[in-house]
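Student: I would like to learn how to read a structure one feature at a time. Could we work through an example together?

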Amino acid sequence: MVTNINLKAAIVSALMLAGLLIVWEASVYTGPGAATGEMSEYEMLTGGAQPDDSGIPAPSAIISHAITELSDPFYDRGTNDKGIGTQLLYSVGRVLTGYGLAVLVAVPLGFVVGMSPVMQKALNPYIQVLRPISPLAWMPLALFIIQDSVKSAIFVIFICSIWPILVNTAFGVASVKRDLLNVARTLELSRLKTAVTVILPAAAPTILTGMRIAIGISWLVIVAAEMLVGGTGIGYYVWNEWNNLDLTSVIFSILMIGVVGMVLDSMLAAATRAVQYAD
Amino acid sequence: MTKPFLQVENLKKTFPAPRGEPPLTVFAGVNFSIEKGEFICVIGHSGCGKSTILNIMAGLDQASDGYVFMDGKEIRGTSLDRGVIFQNHSLLPWKSALSNVMFAVKSRWPGWSREKVREHAMKYIAMVGLKGTEDRKPSQLSGGMRQRVGIARAFAIEPKMLLMDEPFGALDALTRGTIQDELLSIWSQAGQTVFMITHDVDEAILLSDRILLMTNGPNASVAEAVQVDIPRPRQRETLFKHERFYQIRNHLVDFLVRRSRELAGTGGGETRTVRLKAVGGDLEDGDGEPSRRRAAGGT
């Protein structure tokens with residue numbers, strides 16, 4: 001009898017994956033010789049391009065494709081043929097640039113909003129209006145003003161990261177316990193010293209939660225943004241493979257997007273744990 | 001005549017009320033003074049503004065009217081000369097006990113080396129009996145230990161005056177007794193002036209030189225200051241055997257139960273110090289008139 005809960009969960013997970021893969025493999029299996037025989041009228045019109053099977057690649061095909069791709073992830077054979085690792089690095093680079101800029105702007109701004117009730121009231125309407133805007137809606141404006149597709153993509157990441165970090169920082173700063181602020185006051189700490197030595201560590205878990213939400217949103221948005229701006233990046237890669245009708249590559253890159261997103265999230269989760277304190 | 005170390009003059013605090021209603025005056029005409037090295041306790045029912053008075057003295061709150069002078073200077077804003085021990089320890093939860101004390105020491109003496117700060121902080125950690133647990137975070141300490149760290153932090157900056165807002169309110173009776181003893185011994189070594197809020201009559205008698213009694217709010221004021229003339233050092237186990245103990249205790253309980261209500265809203269004026277007679281009942285036996293309006297018995 002298996003008693004360890006982790007082991008149990010791992011077994012159930014593995015069984016589910018195996019079940020899914022078997023059903024998938026079986027459902028797309030067309031059997032030998034299925035593609036032979038007379039061409040239908042439609043097939044003759046399309047020059048036989050319409051495949052007989054469903055067109056969805058089998059898991060085995062995806063796995064073997066993944067092995068090929070991952071064994072040489074950084075090759076570069078021209079504009080439209082770069083390794084998956086290169087494409088992911090482009091995307092991660094853009095996300096980190098836009099996200100980093102957003103952190104640099106949103107955290108200090110969040111401090112101002114959180115520490116000053118006047119600024120809170122003054123800025124709140126803008127935040128409330130700008131926050132629900134889909135980041136991609138900024139794309140045309142960004143392209144027009146910045147006139148550079150890569151920088152526009154970075155701007156879109158910046159604009160979608162800034163709100164969760166700003167709102168969480170302001171909330172975290174505003175909800176620092178009055179007692180702790182009183183301690184800082186009785187110790188005659190300057191405003192800056194209070195912000196750095198008392199408010200920042202007290203609000204850090206809330207701020208990092210905002211940053212974790214932001215990195216998640218950024219990774220969602222970069223794929224869509226790169227589909228629009230083209231050139232490089234995992235979003236462009238997915239779209240390009242779709243145009244090539246290479247569904248194997250599409251599915252493989254979808255999985256890679258998930259893996260990279262998970263890695264980004266767990267990095268922020270670890271950072272959040274590092275600054276967490278028991279009250 | 002020299003000015004007292006700390007003087008509170010005609011202190012008043014009003015809070016704005018919801019529209020339409022007149023503003024709420026919590027206390028008005030609060031007058032008292034504290035001499036250097038005195039241990040003063042304040043007793044009064046909830047809502048009489050004890051904590052607000054303490055916060056004003058700390059510089060954390062502002063009076064609507066009146067003044068507080070310390071060493072002849074008016075108190076405006078907080079100062080490292082007045083240490084505060086808060087009701088709920090108020091330690092920085094991400095710092096260890098030692099770091100919490102060091103944090104305060106560093107802000108008091110910014111020029112000190114890390115070694116010196118550490119050594120100074122350790123001295124006070126040891127004084128409250130927390131040696132060996134100094135590296136634990138507040139969440140890993142018991143309630144009593146946390147409050148001890150708060151006491152160590154307040155004493156470590158060596159303020160001229162200590163303000164304590166019900167420091168032992170959240171502790172169980174046994175822990176409370178131990179920490180009271182520790183507080184007494186630290187205080188007798190350091191000789192600081194202490195102003196402390198409490199709800200515990202026995203605690204007030206054990207610790208104080210004088211006990212300020214506050215009438216009920218709104219419009220509360222300090223009705224009288226009761227002299228606790230039980231000689232020091234006082235022991236918790238033997239205190240109640242002293243002839244003075246029950247006399248003072250009865251006086252305080254009578255005030256809290258009956259007179260604090262009767263005197264509510266009768267306004268401020270000078271606070272008179274009441275010294276209970278050696279034998280017989282207290283001064284207020286008889287016609288029940290407020291003590292501060294009477295001529296006899298004051299010092």
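Student: What is the order of the strands in the open sheet of chain B?

Tutor: Keep in mind that this is a predicted model. In general, strands of a sheet pair through backbone hydrogen bonds, and the pairing is either parallel or antiparallel. Here the open sheet in chain B has seven strands, in the order E6-E7-E8-E3-E9-E10-E11, and its pairing is mixed.

Student: Which strands are the edge strands?

Tutor: They are E6 and E11 (272-274) of chain B, each of which pairs on one side only. From one strand to the next, the twist averages 20°.

Student: In which sense do E10 and E11 of chain B pair, and over how many bridges?

Tutor: Strand E10(B), residues 222-227, runs parallel to E11(B) in this pair, with three bridges. As a detail to look for, Ala225(B) is opposite Thr273(B) of E11(B).

Student: Now helices. At what angle do H7 and H9 of chain A pack?

Tutor: Two packed helices are described by the angle between their axes and the distance between the axes. For H7(A) (residues 149-174) and H9(A) (residues 191-229), the angle is about 155° and the axes are 7 Å apart. An angle over 145 degrees counts as roughly antiparallel, so H7(A) is roughly antiparallel to H9(A). In their contact there are 18 nonpolar and nine polar residues, and no charged ones. Their crossing is right-handed.

Student: What volume does the largest cavity have, and which residues line it?

Tutor: Its volume is about 80 Å³. Residues of both chains line this cavity, including Val183(A), Thr186(A), Phe86(B) and Ile157(B). E6(B) provides the largest share of the lining, three residues.

Student: How much space lies in the largest pocket, and what lines it?

Tutor: The largest pocket holds about 380 Å³ of space. It has 15 lining residues, and those nearest its centre are Met115(A), Arg178(A), Leu181(A), Arg185(A) and Arg191(A). H4 (84-115), H7, H8 and H9 of chain A each supply at least two lining residues, and H8(A) gives the most, four.

Student: Which strand gives the most to the lining of the second largest pocket?

Tutor: Strand E4(B), residues 65-70, does, with three residues. That pocket has about 280 Å³ of space. Its lining divides into seven nonpolar, four polar and four charged residues.

How values were computed
Residues numbered from 1 in each chain as written. Chains lettered and ligands numbered in written order. Predicted model: local features only at pLDDT ≥ 70, side-chain atom pairs only at ≥ 80, totals over all residues. Heavy atoms only, no water. Axes fitted to C-alpha atoms, helices over the stretch in contact; angles between N-to-C directions. Parallel < 35°, antiparallel > 145°, perpendicular 65-115°, else oblique. Left-handed = near helix turned anticlockwise from the far one by under 90°. Nonpolar A, V, L, I, M, F, W, Y, C, P; charged D, E, K, R; others polar. 1 Å grid on protein atoms, 1.4 Å probe; cavity = no way out; pocket = protein on both sides within 12 Å on 5 of 7 lines; lining within 4 Å. Points joined across faces, edges and corners; volume = space filled by probe spheres on them. Pairing = 2+ DSSP bridges.
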